[in-house]
Amino acid sequence: MAANPQEIRPETLFIDGRWRKAVSGLMRDIVDPFDQSLLAKVAEGDRLDAREALSAARRAFDESDWPHLPGTARGRSVAALGHAIAKDRENLARIESRDTGKTLEESRWDIDDVAEVFAFYAGLAGESHDESVPQPSPGRSSRLVREPAGVCGLICPWNYPLLQAAWKVAPALAAGCTLVIKPSELTPMSTIRLAELAEEVGVPRGVFNLVLGPGATVGAELAENAAVDMVSFTGGLVTGRQVMRSAATTVKRVALELGGKNPHLVFADADLKAALETVMNGVFFHAGQICSAGTRLLVEDTIYDQFTAALRDRMARIRLGGAFDPNTRMGPLISAEHRAKVEAAVTAGSREGARLVLGGTRPDDPALGRGFFFLPTLFLDCRSEMRIVQEEVFGPVITVERFSDEAEAVRLANDTIYGLAAGFWTRDEARIDRISRLLRFGTVWINSFNVYFAAAPWGGFRQSGVGRELGRAGLEEYTEVKHIFRDLEPHPVEWF
Ligand code: TXE
């Protein structure tokens, strides 16, 4: 199938304020995960393009006044970009739904969150972040100032293309950094639009650069190149480890968000109706392709049968379909390769003894036959040591374990190499206090799940990552702390 002629876009790299083709002239097909139709052809950059973009970002950092502007001035640029995004909401949401297959309603929420993130960092940019340091003796003064970290390489995933870009771009610009962003090769379209908007609102030349292309070349260059001061990566654990290794060569600052295997605990005294709805939302939004999806459900013994029967019933009624059909509740997975990975995980789960009671296959509806769909899948009677419980599947798959008391619930919840997020349901105040302290995760939700917002930091313990996005902490990631010491009454120390 041919792409619409206006979607054949060879000049989709944005480097030093200019739209250009890839040096190689190559292009990549962008495919709709709903039916594999061709959405667009875009430039396919490689290491040469990434190097040019990095040189531009380096020049803009070292030679332009961008890093030295007052925070309020940069805040105005960040705010203007946020307003431009809000104004373009419907267009951006449609772009995102076409690229990812997620429902239009979910994409609209994403774009609202993106605009909120820009508004939040626009405000923070204008605040002073300087501190004074108490002195051990008089006649001296010390100030701490936060300065921009430098040139940032931003590597983004395909599940929330624009949202993940926003979590990096907004604080990087607010802090005074310059950047080269690389979206996932599967979902570049909303980030191309973001670069257009950055150009429209007058972000200075060389400050915001966009390079499209594969992780193995463009992504690797951003992690390796000595011109980069900081690399921020969101993606899978294995790639994240590789980025960290590459960054070590030049001792770059590294921020990593690597997903999770997030426990969701339901105690017998909970509001079970609300818990059930939230368990569903926690896993099946965007077909489970969410780093904080609550894929490990832990249910107290006494309500296990009743709760899992209700869950199965609700899951069986999830409506699969196209992103633009208002009745759709769950779209396809992102690609054939990713679906094959989910299928392999499900097969392995059955083989290791998890009891598959729903789903586990592709839907048989011929209307969905060309899409990368996979049915909501429920595994009961799981044990913590199973791979299906331990490894991130990143699909519409939930495993259920049972627990008999609080100590066992906490032990099972913490039994993971990840530590991004966890949630639990109970009405017992004392238990709320105990469990929120004992769970070793970057975010803990009580009688809730998957709530995030611009002002609250987001990130993982353990192998879920390094550093924080969002909140004040998300801005500080893009800064260096400088200690400025002054002796107010210098006396020579005559030692030599
Ligand atoms: O992600 P990759 P993939 C998890 C999820 C999924 C798994 C693999 O479990 O099944 O990761 O997904 C770029 N140097 N998450 O393979 O490879 C790549 O081009 C530098 C969790 O699609 O991590 C893309 O831009 N960059 C996650 C980005 O890294 C490289 C969201 C992410 O791709 C690179 C997505 C390299 N060597 C998947 N190789 C989350 N945390 O939310 C690839 N990339």
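How many helices and strands does the protein chain have? The protein chain has 15 helices and 21 strands, where helices (H or I, at least four residues) and strands (E, at least two) are DSSP runs, numbered from the N terminus. This is a predicted model, in which local features need pLDDT of at least 70, side-chain atom pairs count only at pLDDT 80 or more, and totals for chains, interfaces and linings use all residues. Residues are numbered from 1 along each chain as its sequence is written, and side-chain values use heavy atoms, with hydrogens and water left out.

**Figure 1. The whole protein chain, before the close-ups.** Let us start with the overall dimensions. Taken along the principal axes, the C-alpha atoms of the protein chain fill a box of roughly 80 × 65 × 40 Å. The radius of gyration of the protein chain is 24 Å, which agrees with the value near 23 Å that a compact globule of 496 residues would have; this radius is taken over C-alpha atoms, and the globule rule is 2.2 Å times the number of residues to the power 0.38. Of the 496 residues, 56% are buried. Here buried means under 20% relative accessible area, exposed means over 50%, and partly exposed is in between (1.4 Å probe, protein chains only). Among the contacts in the protein chain with a separation of 6 or more, 73% are between residues 24 or more positions apart; contact means heavy atoms within 4.5 Å.

**Figure 2. Helix α9 packed with helix α10.** Two packed helices are described by the angle between their axes and the distance between the axes. For α9 (residues 272-284) and α10 (residues 304-316), the angle is about 50° and the axes are 11 Å apart. That makes α9 oblique to α10. Axes are lines fitted to C-alpha atoms, for helices over the stretch in contact, and angles run from 0 to 180 degrees between N-to-C directions. Angles under 35 degrees count as roughly parallel, over 145 as roughly antiparallel, 65 to 115 as roughly perpendicular and the rest as oblique. The crossing of α9 and α10 is right-handed; a crossing is right-handed if the near helix is turned clockwise from the far one by less than a right angle, and left-handed if anticlockwise. On the α9 side, look for Leu272, Ala275, Leu276, Glu277, Val279, Met280 and Phe284, which meet Gln306, Phe307, Ala310, Leu311, Arg314 and Met315 in α10. This contact brings together 10 nonpolar, 1 polar and 2 charged residues. In that count, Ala, Val, Leu, Ile, Met, Phe, Trp, Tyr, Cys and Pro are nonpolar, Asp, Glu, Lys and Arg are charged, and the others, Gly among them, are polar.

**Figure 3. Helix α2 crossing helix α5.** The axes of α2 (residues 71-87) and α5 (residues 161-175) come within 8 Å and cross at roughly 155°. That makes α2 roughly antiparallel to α5. The crossing of these two helices, α2 and α5, is right-handed. Arg74, Val78 and Leu81 of α2 make the contact with Ala170, Leu173, Ala174 and Ala175 of α5. Sorted by type, the residues of the contact are 6 nonpolar, no polar and 1 charged.

**Figure 4. Phe373 and its surroundings.** Phe373 sits in the loop between β15 (355-358) and β16 (377-380). With 0% relative accessibility, Phe373 counts as buried. Not counting residues up to four places away in sequence, Phe373 touches residues including Phe34, Leu320, Met330, Pro332, Arg339 and Arg362. Leu333 is 40 residues from Phe373 in sequence, and their C-alpha atoms are 5.8 Å apart.

Figure 5. Ala22 belongs to the loop between β3 (18-20) and β4 (27-31) and is buried, with a relative accessible area of 6%. Beyond its neighbours within four places in sequence, Ala22 is in contact with Pro10, Leu13, Ala43, Glu44, Gly45 and Asp49. Thr295 can be found in the loop between α9 and β14 (296-300), and at 9% relative accessibility it counts as buried. Leaving aside neighbours within four places in sequence, Thr295 has contacts with Lys261, Asn262, Val283, Val397, Ile398 and Thr399.

Figure 6. Gln36, in the loop between β4 and β5 (38-43), has a phi near 65°, a positive value in a residue other than glycine. Gln36 is partly exposed, with a relative accessible area of 37%. Phe394, in the loop between α12 (387-390) and β17 (397-403), has a phi near 60°, again positive in a residue other than glycine. Phe394 is buried, with a relative accessible area of 14%.
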